[in-house]
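Please work through each task before reading its solution.

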Amino acid sequence: MSKNALPKRSENYSEWYNDLVKRADLAENSAVRGCMVIKPYGYSIWEKMQRALDDMFKATGHTNAYFPLFVPKSFLEKEEGHAEGFAKECAVVTHYRLKANPDKKGGLMVDPESKLEEELIVRPTSEAVIWSTYKNWVQSYRDLPILVNQWANVVRWEMRTRLFLRTTEFLWQEGHTAHATADEAIAETKQMLDVYATFAETYMAVPVIRGVKTANERFAGAEDTYCIEAMMQDGKALQAGTSHFLGQNFAKAFDVQFSNRENQLEHVWGTSWGVSTRLMGALVMAHSDDNGLVLPPKLAPIQVVVVPIYKTDEQLAAISEKVAEIQKALAIKGISVKFDAREGMTPGFKFADWELRGVPVRLALGERDLAGGTIEVSRRDKERGEEGAKTVQPIEGIAEYVETLLADIQANIYQKALTFREANTVRVDSYDEFKTIMARDESRGDGSVGKFVLAHWDGTSETETKIKEETKATIRCIPLVGQFDSATEEGTCIYSGKPSKQRVLFALAY
RNA sequence: CGGACUGUAGCGCAGCCCGGUAGCGCACUACUUUGGGGUAGUAGAGGCCGUGGGUUCAAAUCCCGCCAGUCCGACCA
């Protein structure tokens with residue numbers, strides 16, 4: 001463990017992020033270009049995310065299945081928009097065998113004899129494989145809906161990668177559903193967007209904006225892409241989840257038809273929706289501070305850590321005995337506790353260490369406490385020295401106190417993130433002002449943050465593209481009704497001056 | 001794929017200009033010390049100096065090639 005402090009968020013946000021992910025033992029770069037190793041501590045958080053999401057999927061009627069890693073090239077070609085969207089970032093399997101390299105002792109080479117008849121694409125997403133399968137599953141309206149989810153890895157050959165935010169291989173879940181009517185499919189699309197938003201807000205404590213993507217930003221092959229967008233602490237937007245209404249595009253491409261009640265053939269209606277290990281990045285960037293991670297209690301692998309403070313073995317024994325009682329009381333409440341009895345480390349070192357790892361509550365127990373029947377309680381959501389960051393509580397009833405405190409921390413970090421987002425969301429009516437705001441983020445290092453900008457847009461791709469070229473800002477989404485008070489007011493486009501029906505959300509994005 | 005930079009101990013780096021026995025900090029091992037906010041000391045272990053070639057009595061250091069990585073652009077969950 002290095003003694004050196006993390007870089008400060010205000011000085012170099014991306015360096016702070018990279019360093020934190022590595023130092024907190026979430027993940028590290030692997031020997032494979034663009035691919036990360038998710039370390040046990042990081043993976044524990046992902047598992048908690050998975051469990052919560054999976055329960056929510058099950059509760060909404062979905063079941064899990066598994067489809068192949070490989071997609072025959074001809075499958076990917078079938079849906080034109082889809083093929084175009086993903087073609088540039090696919091890993092392709094062309095051979096199935098290696099052999100000894102005659103030119104290099106001990107070396108291997110691709111056996112040219114083993115060339116595949118048809119190339120296999122490592123899935124960048126599974127619509128193609130899954131819809132080719134659904135064709136066999138659907139004959140009648142009685143076979144619908146199909147409500148399937150898959151937990152899997154996918155590969156997208158990105159030019160530049162960053163731990164969790166964009167890696168060549170990433171873990172995710174992808175739901176793929178098939179329905180008899182468009183209305184039902186649209187309802188499913190919206191339902192899953194709600195599931196994602198609920199998850200982000202109640203588990204991750206990350207407030208999100210629900211919206212619809214513009215045509216430019218839409219998923220390749222979808223009719224409509226719904227999304228949740230979150231603000232990171234540098235003011236940039238992170239797309240945290242997407243839910244797509246696929247219309248009949250894939251059903252037509254893969255010839256998936258069913259007989260309706262009137263015995264007429266119809267193409268089925270589809271949806272797909274996914275969230276990925278990118279959520280880990282969102283979690284880090286939304287809450288953590290210059291001392292390390294700040295994890296929401298609902299996702300923290302360790303919710304409470306107990307640090308003993310002692311000089312002699314006798315003291316440690318007495319403390320350990322008391323800690324065992326506390327641990328038991330917390331365990332009954334389903335709270336995970338770690339007793340950090342590591343020897344040869346000072347309490348100060350341990351404090352810093354657990355702060356770096358984002359453990360929500362830290363208890364410190366020493367001689368003084370034992371004598372007075374008290375225990376020191378520190379909450380990670382407040383910074384060192386901040387009012388209320390550290391208090392002394394009676395040991396009696398500490399489990400109840402901690403239980404309440406964890407709930408309070410969960411609520412507090414959500415509120416902090418929400419307050420931050422609201423403070424950095426602005427309505428803008430002139431393009432000059434817009435450019436100034438978007439340019440500010442270019443010169444990070446002065447502690448300034450980017451903004452979410454609600455502005456009028458004329459609805460054309462041309463305008464959207466121009467604005468992106470000139471400012472790098474993109475339309476994150478057209479917010480759903482009810483997200484912002486005046487979002488549905490009419491106005492004129494900041495760029496073209498043409499009429500606009502509502503404000504859309506612009507931001508610089510990850 | 002274009003531009004810049006970097007490859008030396010597990011990690012972070014110095015040494016290179018000016019060639020001559022491989023260094024520092026952290027981490028690691030043992031012992032001691034310390035312990036209510038990153039203790040301190042003693043001893044120790046750990047290196048094909050990215051890789052291939054060249055120049056030289058001698059190369060981490062100079063020259064050429066290659067490979068890898070990071071950052072900045074174009075692409076994206």
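**Exercise 1.** Identify the unit that strand 17, helix 9 and strand 18 make, and state its handedness.

*Solution.* Strand 17, helix 9 (residues 313-332) and strand 18 make a β-α-β unit that is right-handed. Right-handed means that, with the strands pointing away from the viewer, the path from the first strand over the helix to the second runs clockwise. Helices (H or I, at least four residues) and strands (E, at least two) are DSSP runs, numbered from the N terminus.

The model is predicted: local features need pLDDT of at least 70, side-chain atom pairs count only at pLDDT 80 or more, and totals for chains, interfaces and linings use all residues. Residues are numbered from 1 along each chain as its sequence is written, chains are lettered from A and ligands numbered from 1 in the order in which they are written, and side-chain values use heavy atoms, leaving out hydrogens and water.

**Exercise 2.** Determine which strands pair with strand 17, and in which sense.

*Solution.* Two strands pair if DSSP finds at least two bridges between them.
1. With strand 18 (residues 337-339), strand 17 pairs in the parallel sense over 3 bridges; Val304 stands opposite Val337 there.
2. Strand 19 (residues 361-366) runs parallel to strand 17 and is joined to it by 6 bridges, with Pro308 opposite Leu365.

**Exercise 3.** Explain why strand 17 is largely enclosed by the rest of the structure.

*Solution.* Buried means under 20% relative accessible area (1.4 Å probe, protein chains only). Because 5 of the 6 residues of strand 17 (residues 304-309) are buried, the strand is largely enclosed.

Technical notes
Buried means under 20% relative accessible area, exposed over 50%, partly exposed in between (1.4 Å probe, protein chains only).
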